[in-house]
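Let's take a walk through this structure together.

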Amino acid sequence: MNIVVTSKDEILKTNRELIQKQGWSAVSIRSVAAACGVSVGSIYNYFKSKEALMSATVESVWCEIFHEPEDGSVFEDTLACISWMYGRMEYGQRKYPGFFTLHSLGFLGNEKSEGRQRMQETWKHISDGLVFVLKRDPRVRPDAFTEQFPAEKFADVLFSLMLSALLRQDYDPRAVLEITRRTLY
C-alpha cells in the first residue's frame, strides 16, 4: 500500500527508490505521483516540470552518495579523503547503476538546463571540499603549491581523475593515491 507523500523531500526519496527499483527510464511525473500516492498535480506543486523533478533528484542522489562521513578525520588527510571518495563512487554505482554516466551525459548536452546548473554546483562543492582538505592536510610539503600551481589546480586535477573513473566505472584509487603522494608529500 502506498503512503501519501506530502513534502518535497519525501517525493525525492520516493523518486530515488523508484529509480533503484525500475531505473531512470521508468521515471515520469505520473510514475512518481503513483509511487507517492498523490495526484500528478500534487507533484507539480513542488516541481514545475519533469526536468525540475529530475534535476532535484540528481542533486539529492549526489548528496546521498557524498554525504558527510561519520568520521570527520577523512577531511584532514588528503589520501583518506580520496579513498573515501572512490569508495562513495563505488557505493553510488551499486545503489544507482548507470547514474553517473546517464545523468552527466544527459545534462551536459543542454547548456541552459537546470540539471546542468545543479550538477555543476554539486561538482564545485566536491572540488571545494578537496581544496579544503588539501589546505588542512598537515603532511603536505610547504612548497607543494605555488602561485602557478595552487591547491585549487591540484583539486581540479583530482576531480577530473575522479570524473574519468566514474565514467570508466573504475573505483580503484591506488594510481590517484600514488600521484598524490608523489606530488604532495
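You will find Val157 in helix α8. From there, look across to Ser127, which is 30 residues away along the chain, with 9.6 Å between the two C-alpha atoms. Keep in mind that this is a predicted model.

Now zoom out to the whole chain. The protein chain has 9 helices and 0 strands, so its pattern along the sequence reads α-α-α-α-α-α-α-α-α. Of its 185 residues, 44% count as buried. The accessible surface comes to about 10,200 Å², and carbon and sulfur atoms account for 54% of that surface. How much of the contact between residues at least 6 apart in sequence joins residues at least 24 apart? The share is 68%.

Next, go inside. In soluble globular proteins, nonpolar side chains tend to be buried together. Here the largest nonpolar core has 55 residues, and those with the most contacts inside it are Ile43, Trp62, Phe66 and Phe99. The helices that give two or more residues to this core are α1 (8–22), α2 (29–36), α4 (50–65), α5 (78–95), α6 (99–108), α7 (114–136), α8 (151–168) and α9 (174–184). Helix α8, where we began with Val157, gives the largest share of the core, 9 residues.

Which residues does Phe66 contact, leaving aside its neighbours within four places in sequence? They are Trp84, Met85, Arg88, Met89, Ile126 and Met162.

Two of those partners, Met85 and Met162, turn up again at a cavity. Rolling a probe the size of a water molecule over the atoms shows where empty space is left. A search of the whole structure finds 1 cavity of 30 Å³ or more, and the largest cavity holds about 40 Å³ of space. Its lining is made up of Ile82, Met85, Tyr86, Leu130, Leu158, Met162 and Val176. What kinds of residue make up the lining: nonpolar, polar or charged? The tally is 7 nonpolar, no polar and no charged.

Two of the lining residues, Ile82 and Tyr86, lead us to Pro173, which touches both of them when residues up to four places away in sequence are not counted. Pro173 sits in the loop between α8 and α9. Is Pro173 buried or exposed? Pro173 is buried, because its relative accessible area of 15% is under the 20% cut-off. Trp84 lies 89 residues from Pro173 in sequence, yet their C-alpha atoms are 9.4 Å apart in space.

The loop between α8 and α9 also holds Gln169. Most residues other than glycine have a negative phi. Gln169, however, has a positive phi, near 55°. Gln169 counts as partly exposed, with a relative accessibility of 43%.

In α2, the buried residues are Ile29, Ser31, Val32, Ala33 and Cys36, and their cover includes α1, α3 (40–46) and α4. Just after α2 comes Gly37, with a positive phi of about 75°.

Helix α1 contains Arg16. Arg16 counts as buried because its relative accessible area, 17%, is under 20%. Leaving aside neighbours within four places in sequence, Arg16 is in contact with Thr57, Ser60, Val61, Glu64 and Tyr96.

Our last stop is Asn45, in helix α3. Asn45 counts as exposed because its relative accessibility of 64% is over 50%. Ser7 is 38 residues from Asn45 in sequence, and their C-alpha atoms are 9.9 Å apart in space.

Methods
Residues numbered from 1 in each chain as written. Predicted model: local features only at pLDDT ≥ 70, side-chain atom pairs only at ≥ 80, totals over all residues. Heavy atoms only, no water. Core = buried A, V, L, I, M, F, W, Y, C linked by side-chain atoms within 4.5 Å. Buried < 20%, exposed > 50% of the residue type's maximum accessible area, 1.4 Å probe, protein only. Helix = DSSP H or I, 4+ residues; strand = E, 2+ residues; numbered from the N terminus. Contact = heavy atoms within 4.5 Å. 1 Å grid on protein atoms, 1.4 Å probe; cavity = no way out; pocket = protein on both sides within 12 Å on 5 of 7 lines; lining within 4 Å. Points joined across faces, edges and corners; volume = space filled by probe spheres on them. Nonpolar A, V, L, I, M, F, W, Y, C, P; charged D, E, K, R; others polar. Areas by Shrake-Rupley, 256 points an atom, 1.4 Å probe, with all protein chains shown as cover.
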